[in-house]
Amino acid sequence: MKTFKIIILVAIALFAFSFTVQQKKAGPWEIPAEYKKMENPLANDKASVNKGKMVYMKHCRSCHGNTGLGDGPKAARLKTFPGDFTSAEFQAQSDGELFYKSIIGRDEMPNYEKKIPSKKDQWSVINYMRTFKK
Amino acid sequence: MRTKYIHKKAKNISIFGSITGLFVILLILGNPLNVNAQTDEFANEPVSGTFETGLLAETQTVATPFAGEFELHVQHRFGLIENGLEDVFGIYATSNIRMGLNYGITEKIMVGYGYTKEFKLQEFHGKYRVLTQTESNSIPVSVAVYANLAINSQDKSVFGNDYKFSDRLSYFSQLLIAHKFNDNFSLQFGPSFTHFNKTDTLVEHDKVALSLAGRAKVSPSMSIFFEYDQPLNIDDMREFASDENDPEANLSFGIEIGTSTHVFQVFMSNYEGITPQRNILYNKNKIDDGDFLFGFNILVRF
(Lines give C-alpha, C1' and ligand atoms only; values in the text may rest on other atoms or scores of the structure.)
Protein backbone atom coordinates (compact mmCIF):
# COMPACT_ATOMS: atom_id res chain seq x y z
CA MET A 1 0.00 0.00 0.00
CA LYS A 2 2.84 2.29 0.99
CA THR A 3 4.60 1.66 -2.32
CA PHE A 4 1.36 2.40 -4.11
CA LYS A 5 1.06 5.76 -2.33
CA ILE A 6 4.64 6.62 -3.26
CA ILE A 7 3.98 5.70 -6.87
CA ILE A 8 0.89 7.93 -6.89
CA LEU A 9 2.86 10.83 -5.38
CA VAL A 10 5.63 10.43 -7.92
CA ALA A 11 3.06 10.31 -10.72
CA ILE A 12 1.43 13.53 -9.48
CA ALA A 13 4.83 15.21 -9.16
CA LEU A 14 5.79 14.16 -12.68
CA PHE A 15 2.46 15.36 -14.01
CA ALA A 16 2.89 18.74 -12.33
CA PHE A 17 6.50 18.95 -13.51
CA SER A 18 5.45 18.32 -17.10
CA PHE A 19 3.74 21.73 -17.07
CA THR A 20 6.89 23.52 -16.03
CA VAL A 21 8.85 22.21 -19.00
CA GLN A 22 10.16 25.13 -20.95
CA GLN A 23 8.54 26.09 -24.24
CA LYS A 24 10.41 24.85 -27.25
CA LYS A 25 11.62 27.25 -29.89
CA ALA A 26 9.67 27.14 -33.12
CA GLY A 27 11.19 24.89 -35.78
CA PRO A 28 11.91 26.17 -39.29
CA TRP A 29 8.86 26.91 -41.46
CA GLU A 30 8.32 25.47 -44.90
CA ILE A 31 6.95 28.40 -46.83
CA PRO A 32 5.72 27.83 -50.40
CA ALA A 33 7.62 29.82 -53.02
CA GLU A 34 4.51 31.74 -54.09
CA TYR A 35 4.22 33.23 -50.61
CA LYS A 36 7.95 33.92 -50.29
CA LYS A 37 7.89 36.26 -53.26
CA MET A 38 4.38 37.58 -52.64
CA GLU A 39 4.23 41.38 -52.74
CA ASN A 40 2.35 43.32 -50.09
CA PRO A 41 -0.39 45.12 -52.08
CA LEU A 42 -1.07 47.53 -49.22
CA ALA A 43 1.10 50.63 -48.75
CA ASN A 44 2.65 50.83 -45.30
CA ASP A 45 0.93 54.08 -44.27
CA LYS A 46 -0.68 55.36 -41.10
CA ALA A 47 -4.18 54.20 -42.08
CA SER A 48 -3.11 50.63 -42.75
CA VAL A 49 -1.03 50.51 -39.55
CA ASN A 50 -4.02 51.72 -37.52
CA LYS A 51 -6.25 49.13 -39.11
CA GLY A 52 -3.60 46.50 -38.52
CA LYS A 53 -3.41 47.46 -34.88
CA MET A 54 -7.16 46.85 -34.50
CA VAL A 55 -6.85 43.41 -36.06
CA TYR A 56 -3.74 42.59 -34.02
CA MET A 57 -5.31 43.65 -30.72
CA LYS A 58 -8.37 41.53 -31.44
CA HIS A 59 -6.83 38.35 -32.79
CA CYS A 60 -3.11 38.25 -31.96
CA ARG A 61 -2.28 40.03 -28.73
CA SER A 62 -3.51 37.31 -26.36
CA CYS A 63 -0.53 35.15 -27.37
CA HIS A 64 1.92 37.50 -29.07
CA GLY A 65 1.63 40.30 -26.50
CA ASN A 66 0.93 44.01 -26.82
CA THR A 67 4.42 44.74 -28.14
CA GLY A 68 5.06 41.54 -30.08
CA LEU A 69 7.42 40.00 -27.54
CA GLY A 70 5.45 36.76 -27.39
CA ASP A 71 4.40 37.47 -23.81
CA GLY A 72 0.61 37.68 -24.09
CA PRO A 73 -1.58 36.24 -21.31
CA LYS A 74 -2.16 32.98 -23.22
CA ALA A 75 1.48 32.56 -24.31
CA ALA A 76 2.60 30.59 -21.25
CA ARG A 77 0.17 27.78 -22.07
CA LEU A 78 1.59 27.23 -25.54
CA LYS A 79 4.07 24.44 -26.23
CA THR A 80 5.96 26.61 -28.68
CA PHE A 81 7.33 30.08 -27.99
CA PRO A 82 5.26 32.46 -30.16
CA GLY A 83 8.33 34.41 -31.27
CA ASP A 84 9.84 37.83 -30.70
CA PHE A 85 8.53 40.19 -33.37
CA THR A 86 10.98 42.93 -32.35
CA SER A 87 14.04 40.86 -33.29
CA ALA A 88 16.11 41.67 -36.36
CA GLU A 89 15.80 38.04 -37.46
CA PHE A 90 12.00 38.28 -37.49
CA GLN A 91 11.90 41.63 -39.22
CA ALA A 92 14.33 40.41 -41.91
CA GLN A 93 11.61 38.18 -43.35
CA SER A 94 9.67 39.27 -46.43
CA ASP A 95 6.05 40.45 -46.12
CA GLY A 96 4.96 37.33 -47.99
CA GLU A 97 6.71 35.07 -45.48
CA LEU A 98 5.08 36.90 -42.59
CA PHE A 99 1.73 36.67 -44.38
CA TYR A 100 2.02 32.90 -44.70
CA LYS A 101 3.00 32.46 -41.07
CA SER A 102 0.33 34.86 -39.76
CA ILE A 103 -2.66 34.02 -41.91
CA ILE A 104 -2.11 30.43 -43.07
CA GLY A 105 -0.37 29.21 -39.91
CA ARG A 106 0.55 25.71 -38.73
CA ASP A 107 0.27 23.65 -35.51
CA GLU A 108 -0.42 25.97 -32.58
CA MET A 109 -0.55 29.03 -34.81
CA PRO A 110 -4.12 28.82 -36.13
CA ASN A 111 -5.28 29.61 -39.63
CA TYR A 112 -6.87 33.06 -39.78
CA GLU A 113 -8.27 33.08 -43.32
CA LYS A 114 -11.80 32.75 -41.95
CA LYS A 115 -11.48 34.90 -38.84
CA ILE A 116 -9.79 37.72 -40.77
CA PRO A 117 -11.58 37.31 -44.12
CA SER A 118 -10.71 40.69 -45.63
CA LYS A 119 -7.47 40.71 -47.66
CA LYS A 120 -6.96 44.31 -46.63
CA ASP A 121 -7.16 43.42 -42.95
CA GLN A 122 -4.80 40.50 -43.51
CA TRP A 123 -2.11 42.70 -45.05
CA SER A 124 -2.66 45.57 -42.66
CA VAL A 125 -1.74 43.35 -39.72
CA ILE A 126 1.58 42.60 -41.49
CA ASN A 127 2.16 46.35 -41.76
CA TYR A 128 1.40 46.75 -38.08
CA MET A 129 3.85 43.99 -37.16
CA ARG A 130 6.57 45.99 -38.92
CA THR A 131 6.15 48.73 -36.29
CA PHE A 132 7.52 46.37 -33.61
CA LYS A 133 10.96 46.70 -35.19
CA LYS A 134 13.45 48.06 -32.67
CA MET B 1 -58.45 62.98 -25.83
CA ARG B 2 -58.33 63.49 -29.58
CA THR B 3 -55.82 66.30 -29.20
CA LYS B 4 -53.64 63.98 -27.20
CA TYR B 5 -53.71 61.43 -30.01
CA ILE B 6 -52.86 64.02 -32.60
CA HIS B 7 -50.05 65.34 -30.46
CA LYS B 8 -48.71 61.84 -29.96
CA LYS B 9 -49.04 61.07 -33.64
CA ALA B 10 -47.17 64.20 -34.57
CA LYS B 11 -44.47 63.33 -32.08
CA ASN B 12 -44.11 59.85 -33.53
CA ILE B 13 -43.91 61.09 -37.06
CA SER B 14 -41.35 63.71 -36.14
CA ILE B 15 -39.21 61.07 -34.43
CA PHE B 16 -39.57 58.84 -37.49
CA GLY B 17 -38.57 61.74 -39.70
CA SER B 18 -35.56 62.64 -37.60
CA ILE B 19 -34.25 59.10 -37.46
CA THR B 20 -34.49 58.44 -41.20
CA GLY B 21 -33.34 61.97 -41.97
CA LEU B 22 -30.30 61.67 -39.78
CA PHE B 23 -29.35 58.34 -41.33
CA VAL B 24 -29.68 59.65 -44.87
CA ILE B 25 -27.73 62.84 -44.10
CA LEU B 26 -24.97 60.86 -42.46
CA LEU B 27 -24.84 58.54 -45.46
CA ILE B 28 -24.46 61.47 -47.83
CA LEU B 29 -21.94 63.32 -45.70
CA GLY B 30 -19.96 60.21 -44.87
CA ASN B 31 -16.58 60.24 -46.53
CA PRO B 32 -15.83 57.34 -48.77
CA LEU B 33 -13.93 54.80 -46.69
CA ASN B 34 -10.80 55.12 -48.75
CA VAL B 35 -9.48 58.06 -50.60
CA ASN B 36 -5.99 56.77 -51.30
CA ALA B 37 -5.14 55.62 -54.78
CA GLN B 38 -3.32 52.55 -53.48
CA THR B 39 -6.51 51.05 -52.16
CA ASP B 40 -7.84 50.39 -55.68
CA GLU B 41 -6.74 46.81 -55.36
CA PHE B 42 -9.28 46.38 -52.58
CA ALA B 43 -12.01 48.57 -54.08
CA ASN B 44 -14.51 45.79 -54.55
CA GLU B 45 -13.70 43.95 -51.35
CA PRO B 46 -16.45 43.83 -48.75
CA VAL B 47 -15.73 45.99 -45.71
CA SER B 48 -14.91 44.16 -42.52
CA GLY B 49 -16.02 44.82 -38.98
CA THR B 50 -19.06 47.06 -39.55
CA PHE B 51 -20.19 45.60 -36.24
CA GLU B 52 -18.34 43.27 -33.90
CA THR B 53 -21.07 40.64 -33.98
CA GLY B 54 -24.65 39.93 -35.04
CA LEU B 55 -26.04 41.32 -31.81
CA LEU B 56 -25.70 44.83 -30.40
CA ALA B 57 -27.43 45.30 -27.04
CA GLU B 58 -31.11 44.69 -27.96
CA THR B 59 -30.90 44.72 -31.75
CA GLN B 60 -29.59 42.45 -34.44
CA THR B 61 -26.88 43.83 -36.73
CA VAL B 62 -25.92 43.10 -40.32
CA ALA B 63 -23.18 40.73 -39.15
CA THR B 64 -23.50 36.93 -39.19
CA PRO B 65 -21.14 34.15 -38.04
CA PHE B 66 -18.63 32.80 -40.56
CA ALA B 67 -19.58 29.68 -42.51
CA GLY B 68 -19.42 26.70 -40.18
CA GLU B 69 -19.00 28.81 -37.06
CA PHE B 70 -21.08 28.47 -33.89
CA GLU B 71 -21.90 31.36 -31.58
CA LEU B 72 -23.10 30.79 -28.04
CA HIS B 73 -25.04 33.71 -26.57
CA VAL B 74 -25.69 34.45 -22.92
CA GLN B 75 -27.91 37.50 -22.50
CA HIS B 76 -28.78 38.80 -19.06
CA ARG B 77 -31.00 41.68 -17.93
CA PHE B 78 -31.11 42.69 -14.29
CA GLY B 79 -34.02 44.49 -12.63
CA LEU B 80 -34.70 48.22 -12.91
CA ILE B 81 -32.21 50.48 -11.17
CA GLU B 82 -35.02 52.49 -9.51
CA ASN B 83 -34.69 50.89 -6.06
CA GLY B 84 -31.13 52.06 -5.65
CA LEU B 85 -29.07 50.37 -2.97
CA GLU B 86 -32.04 48.36 -1.72
CA ASP B 87 -31.43 45.77 -4.44
CA VAL B 88 -28.08 47.24 -5.57
CA PHE B 89 -29.53 48.93 -8.66
CA GLY B 90 -31.45 45.87 -9.75
CA ILE B 91 -28.59 43.39 -9.46
CA TYR B 92 -30.48 41.42 -6.80
CA ALA B 93 -33.88 41.93 -8.41
CA THR B 94 -35.58 39.35 -10.61
CA SER B 95 -33.65 39.03 -13.83
CA ASN B 96 -34.32 37.78 -17.32
CA ILE B 97 -31.93 35.46 -19.14
CA ARG B 98 -31.60 34.14 -22.65
CA MET B 99 -29.28 31.39 -23.85
CA GLY B 100 -28.90 30.90 -27.56
CA LEU B 101 -26.88 29.19 -30.23
CA ASN B 102 -26.32 30.55 -33.74
CA TYR B 103 -24.74 28.77 -36.67
CA GLY B 104 -23.39 30.18 -39.91
CA ILE B 105 -24.56 27.90 -42.73
CA THR B 106 -22.78 30.02 -45.32
CA GLU B 107 -21.03 33.38 -45.16
CA LYS B 108 -24.41 35.01 -45.67
CA ILE B 109 -26.97 32.77 -43.95
CA MET B 110 -27.33 32.25 -40.22
CA VAL B 111 -29.82 30.15 -38.26
CA GLY B 112 -30.22 29.94 -34.52
CA TYR B 113 -32.21 28.82 -31.54
CA GLY B 114 -32.58 30.37 -28.13
CA TYR B 115 -34.74 30.26 -25.04
CA THR B 116 -35.70 33.11 -22.76
CA LYS B 117 -36.66 32.76 -19.12
CA GLU B 118 -39.57 35.22 -19.10
CA PHE B 119 -42.68 33.69 -20.72
CA LYS B 120 -40.60 30.55 -21.41
CA LEU B 121 -39.98 31.63 -24.99
CA GLN B 122 -38.48 29.17 -27.41
CA GLU B 123 -37.13 31.10 -30.30
CA PHE B 124 -36.00 30.10 -33.79
CA HIS B 125 -34.42 32.72 -35.98
CA GLY B 126 -32.51 33.32 -39.15
CA LYS B 127 -30.65 36.10 -40.90
CA TYR B 128 -29.63 36.58 -44.51
CA ARG B 129 -27.06 39.12 -45.60
CA VAL B 130 -28.37 40.50 -48.88
CA LEU B 131 -25.65 43.05 -49.61
CA THR B 132 -22.29 43.90 -48.14
CA GLN B 133 -20.81 47.38 -48.36
CA THR B 134 -17.61 47.54 -50.41
CA GLU B 135 -14.37 49.37 -49.62
CA SER B 136 -14.90 51.79 -52.51
CA ASN B 137 -18.56 52.35 -51.53
CA SER B 138 -19.69 51.07 -54.93
CA ILE B 139 -22.22 49.33 -52.69
CA PRO B 140 -22.72 52.02 -50.03
CA VAL B 141 -24.57 49.98 -47.43
CA SER B 142 -24.72 46.51 -45.96
CA VAL B 143 -28.23 45.08 -45.96
CA ALA B 144 -29.57 42.07 -44.08
CA VAL B 145 -32.99 40.63 -43.33
CA TYR B 146 -33.75 39.04 -40.00
CA ALA B 147 -36.77 37.03 -38.92
CA ASN B 148 -37.70 35.05 -35.88
CA LEU B 149 -40.49 32.90 -34.53
CA ALA B 150 -41.02 32.66 -30.79
CA ILE B 151 -43.11 29.98 -29.11
CA ASN B 152 -44.48 30.81 -25.70
CA SER B 153 -44.14 27.50 -23.86
CA GLN B 154 -45.98 28.45 -20.67
CA ASP B 155 -48.88 26.34 -19.42
CA LYS B 156 -51.86 26.55 -21.76
CA SER B 157 -54.08 28.01 -19.01
CA VAL B 158 -52.17 31.26 -19.56
CA PHE B 159 -53.78 31.62 -22.99
CA GLY B 160 -57.34 31.66 -21.68
CA ASN B 161 -60.38 30.15 -23.34
CA ASP B 162 -60.41 28.58 -26.82
CA TYR B 163 -56.77 27.69 -26.59
CA LYS B 164 -55.07 26.86 -29.86
CA PHE B 165 -51.37 26.09 -30.38
CA SER B 166 -51.08 29.09 -32.68
CA ASP B 167 -51.85 31.37 -29.69
CA ARG B 168 -48.31 30.69 -28.53
CA LEU B 169 -46.65 32.08 -31.64
CA SER B 170 -45.22 35.52 -32.22
CA TYR B 171 -43.12 36.83 -35.06
CA PHE B 172 -40.54 39.55 -35.56
CA SER B 173 -38.96 40.56 -38.82
CA GLN B 174 -36.53 43.34 -39.53
CA LEU B 175 -34.70 44.92 -42.43
CA LEU B 176 -31.21 46.02 -41.37
CA ILE B 177 -29.32 48.69 -43.30
CA ALA B 178 -25.87 49.63 -42.07
CA HIS B 179 -23.08 51.90 -43.19
CA LYS B 180 -19.49 51.78 -42.00
CA PHE B 181 -18.18 55.35 -42.13
CA ASN B 182 -14.61 54.49 -41.21
CA ASP B 183 -12.73 51.98 -39.09
CA ASN B 184 -14.09 53.64 -35.96
CA PHE B 185 -17.71 54.46 -36.67
CA SER B 186 -20.72 52.54 -37.99
CA LEU B 187 -24.47 53.25 -37.99
CA GLN B 188 -27.44 51.00 -38.61
CA PHE B 189 -31.07 51.74 -39.34
CA GLY B 190 -33.68 49.02 -39.00
CA PRO B 191 -37.42 49.12 -39.59
CA SER B 192 -39.17 46.10 -38.11
CA PHE B 193 -42.55 44.42 -37.98
CA THR B 194 -43.84 42.52 -34.96
CA HIS B 195 -46.87 40.25 -34.89
CA PHE B 196 -48.43 38.31 -32.02
CA ASN B 197 -51.15 35.74 -32.69
CA LYS B 198 -52.59 36.36 -29.26
CA THR B 199 -51.97 39.35 -27.02
CA ASP B 200 -53.13 40.60 -23.65
CA THR B 201 -56.47 42.45 -23.62
CA LEU B 202 -56.35 45.69 -25.65
CA VAL B 203 -52.78 45.14 -26.75
CA GLU B 204 -52.31 45.44 -30.49
CA HIS B 205 -51.37 42.38 -32.51
CA ASP B 206 -49.09 44.20 -34.95
CA LYS B 207 -46.49 46.88 -34.45
CA VAL B 208 -44.09 48.60 -36.79
CA ALA B 209 -40.97 49.95 -35.14
CA LEU B 210 -37.78 51.74 -36.13
CA SER B 211 -34.36 51.24 -34.67
CA LEU B 212 -31.18 53.22 -34.97
CA ALA B 213 -27.92 51.88 -33.61
CA GLY B 214 -24.35 53.09 -33.73
CA ARG B 215 -20.95 52.05 -32.58
CA ALA B 216 -17.74 54.03 -32.12
CA LYS B 217 -14.38 52.47 -31.33
CA VAL B 218 -12.50 54.07 -28.45
CA SER B 219 -9.53 51.69 -28.54
CA PRO B 220 -8.52 48.86 -30.88
CA SER B 221 -10.63 46.35 -28.96
CA MET B 222 -13.19 48.49 -27.10
CA SER B 223 -16.12 50.50 -28.39
CA ILE B 224 -19.03 52.49 -27.06
CA PHE B 225 -22.46 52.05 -28.60
CA PHE B 226 -26.04 53.24 -28.47
CA GLU B 227 -29.33 51.92 -29.74
CA TYR B 228 -32.72 53.61 -29.98
CA ASP B 229 -35.99 51.80 -30.74
CA GLN B 230 -39.21 53.64 -31.52
CA PRO B 231 -42.46 51.69 -31.87
CA LEU B 232 -44.74 53.62 -34.22
CA ASN B 233 -47.85 54.33 -32.14
CA ILE B 234 -49.75 56.04 -34.92
CA ASP B 235 -53.54 56.46 -34.84
CA ASP B 236 -54.06 55.45 -38.46
CA MET B 237 -52.30 52.18 -37.76
CA ARG B 238 -54.06 51.61 -34.47
CA GLU B 239 -56.10 48.49 -33.81
CA PHE B 240 -57.89 49.77 -30.70
CA ALA B 241 -59.09 53.26 -29.86
CA SER B 242 -57.19 53.47 -26.63
CA ASP B 243 -53.53 54.34 -26.54
CA GLU B 244 -53.21 53.13 -22.98
CA ASN B 245 -51.23 50.04 -23.91
CA ASP B 246 -48.90 51.78 -26.32
CA PRO B 247 -45.37 50.42 -25.96
CA GLU B 248 -42.59 52.80 -24.96
CA ALA B 249 -39.40 53.60 -26.85
CA ASN B 250 -36.07 52.20 -25.76
CA LEU B 251 -32.61 53.67 -25.36
CA SER B 252 -29.63 51.42 -24.77
CA PHE B 253 -26.03 52.53 -24.36
CA GLY B 254 -22.91 50.80 -23.17
CA ILE B 255 -19.48 49.44 -23.94
CA GLU B 256 -18.36 46.51 -26.03
CA ILE B 257 -15.13 44.55 -25.86
CA GLY B 258 -14.31 42.23 -28.73
CA THR B 259 -11.63 39.55 -28.89
CA SER B 260 -10.92 36.81 -31.39
CA THR B 261 -13.26 34.36 -29.67
CA HIS B 262 -15.45 36.42 -27.31
CA VAL B 263 -17.57 39.56 -27.37
CA PHE B 264 -18.73 41.26 -24.17
CA GLN B 265 -21.36 43.99 -24.08
CA VAL B 266 -22.29 45.74 -20.83
CA PHE B 267 -24.99 48.38 -21.10
CA MET B 268 -28.03 50.15 -19.72
CA SER B 269 -31.39 49.71 -21.40
CA ASN B 270 -35.15 50.18 -20.97
CA TYR B 271 -35.93 46.79 -22.44
CA GLU B 272 -36.18 43.72 -20.23
CA GLY B 273 -37.75 41.20 -22.62
CA ILE B 274 -34.58 40.25 -24.56
CA THR B 275 -36.70 38.64 -27.33
CA PRO B 276 -37.35 41.52 -29.76
CA GLN B 277 -41.12 41.11 -30.22
CA ARG B 278 -41.69 41.15 -26.44
CA ASN B 279 -39.64 44.33 -26.22
CA ILE B 280 -41.33 46.10 -29.11
CA LEU B 281 -44.91 45.35 -28.08
CA TYR B 282 -44.86 45.19 -24.30
CA ASN B 283 -42.22 47.62 -23.05
CA LYS B 284 -43.58 49.89 -20.34
CA ASN B 285 -40.26 51.30 -19.12
CA LYS B 286 -39.99 54.95 -19.99
CA ILE B 287 -36.79 56.71 -20.97
CA ASP B 288 -38.11 59.97 -19.46
CA ASP B 289 -38.82 58.32 -16.12
CA GLY B 290 -35.35 56.84 -15.95
CA ASP B 291 -36.65 53.26 -16.03
CA PHE B 292 -33.29 51.80 -16.96
CA LEU B 293 -31.74 48.48 -16.11
CA PHE B 294 -28.29 46.93 -16.40
CA GLY B 295 -27.75 44.19 -18.93
CA PHE B 296 -24.94 42.25 -20.49
CA ASN B 297 -24.45 40.03 -23.52
CA ILE B 298 -21.67 37.48 -23.72
CA LEU B 299 -20.92 35.75 -26.98
CA VAL B 300 -18.50 32.91 -27.53
CA ARG B 301 -17.43 31.82 -31.01
CA PHE B 302 -16.24 28.32 -31.75
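**Entry 1: a hairpin in chain B**

I looked up the link between β10(B) and β11(B): a hairpin joins them through two residues. Strands here are DSSP runs of E with at least two residues, and helices are runs of H or I with at least four, numbered from the N terminus. I note that this is a predicted model, where local features need pLDDT of at least 70, side-chain atom pairs need 80 or more, and totals for chains, interfaces and linings use all residues. Residues are numbered from 1 along each chain as its sequence is written, chains are lettered from A and ligands numbered from 1 in written order, and side-chain values use heavy atoms, without hydrogens and water.

Strand β10 (residues 206–219) of chain B pairs with β11(B) in the antiparallel sense over ten bridges. Two strands count as paired if DSSP finds at least two bridges between them. On its other listed pairing, β11(B) runs antiparallel to strand β12 (residues 250–258) of chain B, with eight bridges.

I followed B:Asp229 in β11(B). B:Ser211 stands opposite B:Asp229. In β12(B), the bridge partner of B:Asp229 is B:Asn250.

How many of the ten residues of β11(B) are buried? I found seven, so I call strand β11 (residues 222–231) mostly covered. Buried means under 20% relative accessible area, exposed over 50%, and partly exposed in between (1.4 Å probe, protein chains only).

**Entry 2: rings in chain A**

Rings of Phe, Tyr and Trp (its six-membered ring) pair if their centres lie within 6.5 Å; planes under 30 degrees apart are stacked, over 60 edge-to-face, the rest tilted.

A:Tyr35 and A:Phe99 are stacked, at 6.3 Å centre to centre and 20° between the planes. A:Tyr35 lies in helix α2 (residues 33–36) and A:Phe99 in helix α6 (residues 95–104) of chain A, so the pair ties together parts 64 residues apart in sequence. Both A:Tyr35 and A:Phe99 are buried.

A:Tyr128 and A:Phe132 make an edge-to-face pair, with 5.1 Å between centres and 75° between the planes.

**Entry 3: charges over rings**

The charged end of A:Arg106 sits over the ring of A:Trp29, 4.2 Å from its centre. In chain B, the charged end of B:Arg278 sits over the ring of B:Phe119, 3.5 Å from its centre. The test is NZ of Lys or CZ of Arg within 6 Å of the ring centre and within 35 degrees of the ring normal.
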